[in-house]
Amino acid sequence: MASLANKGSSLVSTLLTQARPKLNVFMKYAKVELTPPSPGDIPAIRDGIARLVSGARTGAWKNLTVREAWLNTLITMEVCFWFYAGECIGKRHLVGYEV
């Protein structure tokens, strides 16, 4: 039983040693990517929305390359996926609401 405990503790310490660099990289990117926008970011967000609306009105979306169109499609699918995942988490069911 003692040898099993020693093997378990050595396995856990090895796991923590190997996971620490990856966790540090994750935390570095999480601090940048997962922060809410600051008040200084609001003008840039407003300009981006204005460019999006003007591009939709003028038909600038027709002049995209295939790569840009595919990237926009993937981003839209990701946003829809996270919305759906949030809905499933919020209602605690995959299909429909519990009545």
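**Notebook: helices and what follows them**

I began just after helix α3, where R92 takes a positive phi of about 65°. Helices here are DSSP runs (H or I, at least four residues), numbered from the N terminus. I noted that this is a predicted model: local features need pLDDT of at least 70, side-chain atom pairs count only at pLDDT 80 or more, and totals for chains, interfaces and linings use all residues. Residues are numbered from 1 along each chain as its sequence is written, and side-chain values use heavy atoms, with hydrogens and water left out.

**Confidence.** I looked up pLDDT, the predictor's confidence in each residue, from 0 to 100. The chain averages 87, and 94% of the residues score at least 70. Confidence is lowest in helix α1 (residues 2-33), with a mean of 86. It is highest in α2, at 93.

**Domains.** I found domain 1 at 1-36 and domain 2 at 64-98. These bounds come from an automatic or database domain assignment. The C-alpha centres of the two domains lie 30 Å apart.

**Helix α3.** I checked the length of α3, residues 66-91. Its 26 residues should span 38 Å at 1.5 Å a residue, and its end C-alpha atoms are 37 Å apart, which agrees. The expected span is 1.5 Å times one less than the number of residues. Next I looked at cover: A85, C88 and K91 are buried in α3. Buried means under 20% relative accessible area, exposed over 50%, and partly exposed in between (1.4 Å probe, protein chains only). C80 is also in α3. I read a relative accessible area of 48% for C80, so this residue is partly exposed. From C80 to D47, 33 residues apart along the chain, the C-alpha separation is 23 Å.

**Helix α2.** I turned to α2, which has 17 residues. From first C-alpha to last it reaches 24 Å, close to the 24 Å expected at 1.5 Å a residue. G59 follows α2 and has a positive phi, near 80°. I placed I45 in this helix, residues 42-58. I45 is partly exposed because its relative accessible area is 41%.

**Surface patch.** Which residues form a nonpolar patch on the surface? I found I42, I45, I49 and V53, with about 330 Å² of accessible area together. Areas come from the Shrake-Rupley method with a 1.4 Å probe; for residues, only the protein chains shown count as cover.

Definitions and conventions:
Helix = DSSP H or I, 4+ residues; strand = E, 2+ residues; numbered from the N terminus. Patch = residues over 30% accessible without salt bridge, like charges linked within 9 Å, V, L, I, M, F, W, Y side chains within 5 Å. Salt bridge = Lys/Arg side-chain N within 4 Å of Asp/Glu carboxyl O.
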